[in-house]
Amino acid sequence: MKLALCLVAMGALVMDSSPQVCWLYVRETGVRELGLLGSGRHPSHSTSPSGPGDEVARGIAGEKFDIVKKWGINTYKCTKQLLSERFGRGSRTVDLELELQIELLRETKRKYESVLQLGRALTAHLYSLLQTQHALGDAFADLSQKSPELQEEFGYNAETQKLLCKNGETLLGAVNFFVSSINTLVTKTMEDTLMTVKQYEAARLEYDAYRTDLEELSLGPRDAGTRGRLESAQATFQTHRDKYEKLRGDVAIKLKFLEENKIKVMHKQLLLFHNAVSAYFAGNQKQLEQTLQQFNIKLRPPGAEKPSWLEEQ
């Protein structure tokens with residue numbers, strides 16, 4: 001069947017047997033016409049000669065068509081390689097040590113995401129507790145003024161709730177700092193490394209696809225036409241091999257730096273969390289304030305009209 005209508009839309013190549021017009025559908029830029037390319041019914045020619053603008057337009061259209069053609073060939077080879085691996089018919093390049101580190105990173109990220117979710121829940125519960133204690137303290141203080149016979153009892157309960165609120169705000173500052181640091185580690189540092197891992201995995205698939213293609217050509221008959229194709233396949237394979245090797249090195253370096261950074265960050269954050277929680281539940285206001293000073297955590301000044309750091313979240 002002659003090539004008729006070529007569509008590249010949402011990553012798929014579609015063919016039809018309608019009049020031979022080639023269009024390029026690009027996800028990022030919409031639909032762009034490349035022009036009439038087929039044989040058979042040809043466009044009518046104008047009596048006036050073509051201008052420089054027409055030549056430039058045809059040149060650009062040709063370049064775009066070549067890009068799409070290369071993309072289609074690459075996609076076909078990679079899809080073929082992926083399916084052969086899935087069904088156990090193709091070989092796959094494996095770096096056991098690196099694959100183990102990547103899988104460990106993904107598992108660690110899932111566990112840290114769980115810690116992050118729990119930390120946010122703890123922050124919300126503590127904030128709700130503070131609101132209740134603040135309202136309860138105000139109620140006790142009001143009743144202390146209106147109940148002379150229970151003034152003393154309502155009074156010291158009101159003072160107790162105010163003290164608990166003050167310590168709770170300090171604890172919230174520490175917990176919020178802990179959650180913010182975990183969020184940065186998970187959503188930025190780990191995610192950046194995993195983006196490089198995805199690029200490495202894509203390069204590995206391309207490398208194996210062109211390696212398999214080269215091996216198949218090498219096993220075939222040798223003639224003048226095959227020799228040229230073999231040399232071209234060898235050059236393309238070497239390009240993808242260099243890309244694969246580079247990304248493999250990039251992943252190894254990022255995994256190493258990520259592990260060092262994770263240990264440094266978590267050592268500080270776990271110490272902060274432990275000291276703050278221990279001081280709060282021990283009722284040690286001085287130690288709680290010292291913990292925030294140690295980690296340079298600043299709270300809202302007393303009497304400030306702006307909402308607290310938690311209300312702004």
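A residue counts as buried when its relative accessible area is under 20%. By that rule 31% of the 313 residues of the protein chain are buried in this model, which is a predicted one.

**Overall layout**

The secondary structure of the protein chain amounts to five helices and four strands, and from the N terminus on these elements follow one another in the order β-β-β-β-α-α-α-α-α.

**How the helices pack**

Two packed helices are described by the angle between their axes and the distance between the axes. Helix H2, which covers residues 96-146, packs with helix H3, which covers residues 151-219, at an angle of about 160 degrees and with the axes 7 Å apart. Angles over 145 degrees count as roughly antiparallel, and H2 and H3 are therefore roughly antiparallel to each other. The crossing of H2 and H3 is left-handed, and the contact of H2 with H3 has, by class, 30 nonpolar residues, 14 polar residues and eight charged residues.

A pair of aromatic rings is described by the distance of the centres and the angle of the planes.

| Ring pair | Centre to centre | Angle between planes | Class |
|---|---|---|---|
| Tyr 207 and Phe 237 | 5.5 Å | 25 degrees | stacked |
| Tyr 207 and Tyr 244 | 4.9 Å | 5 degrees | stacked |

Tyr 207 lies in helix H3, whereas Phe 237 lies in helix H4 (residues 224-282), so this pair ties together parts that are 30 residues apart in sequence. Tyr 244 likewise lies in helix H4, so the pair that it forms with Tyr 207 of helix H3 ties together parts that are 37 residues apart in sequence.

Are the residues of these pairs buried or exposed? Tyr 207 and Phe 237 are both buried; for Tyr 207 the relative accessible area is 10%, while Tyr 244, at 1% relative accessibility, counts as buried as well. Ring pairs link Tyr 207, Phe 237 and Tyr 244, together with Tyr 200, into a cluster.

**Helix H5 and the segment after it**

Helix H5 covers residues 285-294, and Thr 291 has its place there. With a relative accessible area of 3%, Thr 291 is buried, and a polar atom of its side chain lies 2.9 Å from the backbone oxygen of Gln 287.

Where does Asn 296 have its place? Asn 296 is found in the segment after H5, and at 68% relative accessibility Asn 296 counts as exposed, because the term exposed applies to values over 50%. The backbone of Asn 296 has a positive phi of about 55 degrees, although Asn 296 is not a glycine.

Key. Residues numbered from 1 in each chain as written. Predicted model: local features only at pLDDT ≥ 70, side-chain atom pairs only at ≥ 80, totals over all residues. Heavy atoms only, no water. Axes fitted to C-alpha atoms, helices over the stretch in contact; angles between N-to-C directions. Helix = DSSP H or I, 4+ residues; strand = E, 2+ residues; numbered from the N terminus. Parallel < 35°, antiparallel > 145°, perpendicular 65-115°, else oblique. Left-handed = near helix turned anticlockwise from the far one by under 90°. Nonpolar A, V, L, I, M, F, W, Y, C, P; charged D, E, K, R; others polar. Phe/Tyr/Trp six-rings, centres within 6.5 Å; stacked < 30°, edge-to-face > 60°. Buried < 20%, exposed > 50% of the residue type's maximum accessible area, 1.4 Å probe, protein only. Polar contact = N/O pair within 3.5 Å; in protein donor to acceptor, adjacent residues only side chain to side chain.
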